[in-house]
Amino acid sequence: MTETKSASDIIRAKREQRLPALAVSRGIGIGKIVFLHGERRRYFRLDLDTEQIEAELERFKAALKTSTLQLRAISSDTASDSRQSASGIFGVHLLILESSFAEKIETFIKKEHVNAEWAIKTISDQYVERQTRVTETDFRDKYLDIEDVSTRLLNALDKFQETIHTHSDSVIAARDLTPSAIMELVKNKPSALITEQGGWTSHSSILARELNLPMVSGVRNLEHYMLAGDRVVVDGINGEVILNPSDETVAGFQALPVAHSQSGISGSSRAESLMTMDGTRFVLRANVDQPETYQTAKNRGARGIGLYRSETLIRQPGAIPSEDQQFEAYKNIADASGEQGVKIRTFDVGIDRFGSAPHWIERNPSLGLRAIRLSLADPTHFRTQLRAILRAAFGKKIDIILPMISGADEIVRAKMILDSERADLIKAGIDIGDPQLGAMIETPSAVLTAFEIAKHVDFLCLGTNDLVQYLLAVDRDNDAVADWYQTLHPAVIRAISNVLVAAQNAGVPVTVCGEMAGSPFYVSVLLGIGVRDFSMNVNSIQAVRRLLSGISLSDAVALVVNISKFLTAEEAENYLREYYFKHWAALFPADFLDSRFR
């Protein structure tokens, strides 16, 4: 007689199986499946008499007040690392409550003479139905926010407090998860989350990333493959769910470095793991002038110092530090940056900072004898600086940036001076390093000759602040022409693209410095153009890191394609603003978009 096997036996008899998924929060989670069905409680329509309407409205307003207080409390109670994201996400929920959503519920109660529960359900369903018809996936996923808010209101009406029972070994599987559900789940520290629905721009995914909780989505019919309590591995790095993993598979994942086994990475390993949601790696560097500042930058994800402004050593006109003083300063900053290195820009100053008055009047100092021009015209201080850098580079990772380059000939001349000082130091028996040489691209002529310049250097730096100024002939410090300083001017976009192509042809890397690299508003455009190496001030690192880690390269490329169609920078700015509000609002610092366009 043949023994009949149950569905449970069939499932448990299955071998290790791998299901593709979309990684929305990086990390590895290993544990036992807990299914959350998330069935909404049923609510029925109650027809009210006219004299009952006022009391029902007051009942709804009380629930509205309770929900508002709860959302504010969630934001303030969130752990410090995720508070900014939670505040932004639940701030959106607060905006929903304060918008026409609540007004329409009140109007429905008054007009239809129905109970608050039915009004909430009806209006919420209308919003969700419209939201789920939207073609863009990342915007469509926002229906979860509407459901979250309506559920909170309904719970407040009947004073229901849902408790989700999980443990630290749980891998939560659900059709979808609202941000509120995740906040409840995280109290018991589950290993990972699996959902059928929800893209990487949904608020739930964003919150999971900020809470260092591995999460994948797009896994259909998981209950057909597994039973509650079965072991599973959630691979939030490669986007995969491994069912019934073998002991060898589990051991392999457990042996992964911490940087791969969790989505939240701290310390010096953070910079190594920076990548977009679709796996494109990028590097964040810091613009730092003081050694002690770099530790803060490093903790926030910086990988080295992309710009050290050596002119900050000149405290007052004429007070040029000696070779030994510069040597100590450069050695200290190199010690701080460690093996990630520091790029030292040679003196980017005019002749006035050297304490010398020219025999002529500098009517426009920004276009006068300054930076590399001054260093080549009167190389005395330039030679001293190069000697100090060569000495400090012994056993250190130090590179040199030449500022305000206008053509390859300046690189050739600077190299001759560098080689001369190197030969003299070697002849004197002084230990020196071998710094790489780079050019700062910030003038129109440098953009147009970038192919030639790239052949003579080891790397390029794009100084976007001066690049915009010189390309558009606009003094960035002159309020009278502030409207003409346009970062997204078509000429700026084409110039950056031209430099990236030149660098690629020559096989040299490019680091972008300046406002564009440090602004969450512009950095996605740079990513879409092809930039992978960004340097910025310390205070910009977290915001930029959060934005780049929360978007995909494909979307950034699409952004660039779209803004390239516009004739004006204003059109491009407006397009980006609308796109960010619609798709990525939660990735920006609180009030960033509002304050920028107020």
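Start at Tyr 330. Not counting residues up to four places away in sequence, Tyr 330 touches Tyr 308, Ser 310, Leu 313, Ile 344, Phe 347, Gln 385, Ala 388, Ile 389, Ala 392 and Ile 398. Contact here means heavy atoms within 4.5 Å.

A word on the source. This is a predicted model, where local features need pLDDT of at least 70, side-chain atom pairs count only at pLDDT 80 or more, and totals for chains, interfaces and linings use all residues. Numbering runs from 1 along each chain as its sequence is written, and side-chain values use heavy atoms, with hydrogens and water left out.

Now the cores. The largest nonpolar core has 108 residues, and Tyr 330, Leu 460, Phe 534 and Leu 548 touch the most other members. Helix 20, residues 490-506, gives the most to this core, with eight residues. A second, separate core has 46 residues, among them Leu 94, Val 114, Ile 120 and Leu 211. By nonpolar core I mean a set of buried Ala, Val, Leu, Ile, Met, Phe, Trp, Tyr and Cys residues joined through side-chain atoms within 4.5 Å. Buried is under 20% relative accessible area, exposed is over 50%, and partly exposed is in between, with a 1.4 Å probe and protein chains only. Helices (H or I, at least four residues) and strands (E, at least two) are DSSP runs, numbered from the N terminus.

Next, helix 15, residues 380-392. Its 13 residues should span 18 Å at 1.5 Å a residue, and the end C-alpha atoms are 19 Å apart, which agrees. The expected span is 1.5 Å times one less than the number of residues. Which residues of helix 15 are buried? They are Phe 382, Thr 384, Gln 385, Leu 386, Ala 388, Ile 389, Leu 390, Arg 391 and Ala 392. Their cover includes helix 13 (323-337), strand 11 (342-345), helix 14, strand 12 (398-402) and helix 16 (408-427).

Most residues other than glycine have a negative phi. Ala 371 has a positive phi of about 55 degrees. Ala 371 lies in helix 14, residues 371-377, and is buried at 1% relative accessibility. The other case is Asn 244, with phi near 50 degrees. Asn 244 sits in the loop between strand 8 (240-243) and helix 10 (247-254). Asn 244 also counts as buried, at 18% relative accessibility.

On to Thr 68, in helix 2, residues 53-77. Its relative accessible area is 14%, so Thr 68 is buried. A polar atom of its side chain lies 2.9 Å from the backbone oxygen of Leu 64. Not counting residues up to four places away in sequence, Thr 68 touches Leu 94 and Leu 97.

Cysteines. How many disulfides does the model have? The count is zero, where a disulfide is a pair of cysteine sulfur atoms within 2.5 Å. The cysteine sulfur closest to that of Cys 461 is in Cys 513, at 4.7 Å, so the pair is too far apart for a bond. Cys 461 is buried at 0%, and Cys 513 is buried at 3%.

Last, confidence. pLDDT is the predictor's confidence in each residue, from 0 to 100. The chain mean is 83, and 83% of residues reach 70 or more. Residues 1-8 stay under 50, with two contacts beyond four places in sequence. Residues 134-139 are also below 50, with 13 contacts beyond near neighbours in sequence. Where pLDDT is low, the predicted coordinates should not be read in detail.

Terms used:
Polar contact = N/O pair within 3.5 Å; in protein donor to acceptor, adjacent residues only side chain to side chain.
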